[in-house]
Amino acid sequence: MLTQPQIAIVMGSQSDWPTMRLAAETLEALEVEYEARIVSAHRTPERLFEFASNARAEGFKVIIAGAGGAAHLPGMIAAMTPLPVFGVPVRSKSLNGQDSLLSIVQMPGGIPVGTLAIGEPGAINAALIAAAVLALFDDDLADRLDRYRARQTAAVPLFPADTE
Ligand code: RP5
């Protein structure tokens, strides 16, 4: 039986998917269901309103929102939902994602967006922090997160090797 995903991954454009796919893959590794959607704050503002204002009623618990450039998507979503929103600044062509980072991280006090690093590390960590929120109320998921970290630890060699 399919269950309602508790995590939504939204992004401003199809061009964000190569980055945001890392969030999706990380959730898959943790066996956490998600739904990925394209929601553009400036190209599809009605879709944005529809998504953000109904996200809680739809059953989502956490939202991961990635966008680049003048990246108002995470902040606009946060303005319309009480759910925790984690923002991923997607690397932009002109300013290398610094524009994305600053426009997501500099929210005025009162409407929070938890902002991750620029690009792929941010997408991975957004998935991990979203899963950590759900794990507060899900012991099986907490165990899977522990095992994810243990695998990461075990993969670090003690001594460096020459690689070509
Ligand atoms: C933002 O503009 C998107 O999040 C994307 O990062 C950026 C460029 O979008 P496209 O022009 O590739 O659709 O809205």
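This is a predicted model: local features need pLDDT of at least 70, side-chain atom pairs count only at pLDDT 80 or more; totals for chains, interfaces and linings use all residues.
The strands form an open sheet of five, in the order β2-β1-β3-β4-β5, and their pairing is parallel. The edges of the sheet are taken by β2 and β5 (114-115); each has a single partner strand, so one side of each is left without a neighbour in the sheet. In general, strands of a sheet pair through backbone hydrogen bonds, in either a parallel or an antiparallel sense.

The pairing of β1 with β2 is parallel and comprises five bridges. Within this pairing, Met11 has Ile38 of β2 as its bridge partner. Five bridges also connect β1 to β3, again in the parallel sense, and here Ile9 stands opposite Ile64 of β3. Between β3 and β4, which run parallel, there are six bridges. Gly66 is placed opposite Val88 of β4.

Helix α1 spans residues 17-29, a total of 13 residues. The distance from its first C-alpha to its last is 18 Å, close to the 18 Å expected at 1.5 Å a residue. The buried residues of α1 are Thr19, Met20, Leu22, Ala23, Thr26 and Leu27. Viewed down the helix axis, the buried residues of α1 fall within an arc of 135°, so they line one face of the helix. The elements covering these buried residues include the strands β1 (7-11), β2 (34-38), β3 (62-68) and β4 (85-90), together with helix α5 (120-135).

Glu25 is also part of helix α1. This residue has 13 C-beta neighbours inside 10 Å and therefore counts as partly exposed. The C-alpha atoms of Glu25 and Gly66 are 15 Å apart in space, with a sequence separation of 41 residues.

Helix α6 covers residues 139-154 and contains 16 residues. Its reach from first to last C-alpha is 22 Å, close to the 22 Å expected at 1.5 Å a residue. The number of buried residues among the 16 of α6 is zero, so this helix lies largely in the open.

Glu31 follows α1 and is located in the loop between α1 and β2. The phi angle of Glu31 is near 55°, a positive value in a residue other than glycine. Glu31 is exposed, because its C-beta has 10 other C-beta atoms within 10 Å. Asn96 belongs to the loop between β4 and α4, and its phi is near 60°, again positive in a residue other than glycine. With 12 C-beta neighbours inside 10 Å, Asn96 counts as exposed.

Ser94 is also found in the loop between β4 and α4 (98-105). This serine is exposed, with 9 other C-beta atoms within 10 Å. Ser94 and Gly69 are separated by 25 residues in sequence and by 8.3 Å in space, C-alpha to C-alpha.

The shell around the ligand consists of Gly12, Ser13, Ser15, Asp16, Ser40, Ala67, Gly68, Gly69 and Val90. By class, the residues of this shell divide into two nonpolar, six polar and one charged.

Methods:
Residues are numbered from 1 along each chain as its sequence is written. Helices (H or I, at least four residues) and strands (E, at least two) are DSSP runs, numbered from the N terminus. The expected span of a helix is 1.5 Å times one less than its number of residues. A residue is buried if 20 or more other C-beta atoms lie within 10 Å of its own, exposed if 12 or fewer, and partly exposed in between; C-beta atoms are placed from the backbone. The arc is that of the directions from the helix axis to the C-beta atoms. Two residues are in contact if their C-beta atoms, placed from the backbone, lie within 7 Å. A residue is near a molecule or strand if its C-beta atom, placed from the backbone, lies within 6 Å of it. Ala, Val, Leu, Ile, Met, Phe, Trp, Tyr, Cys and Pro count as nonpolar, Asp, Glu, Lys and Arg as charged, and the others, Gly among them, as polar. Two strands pair if DSSP finds at least two bridges between them.
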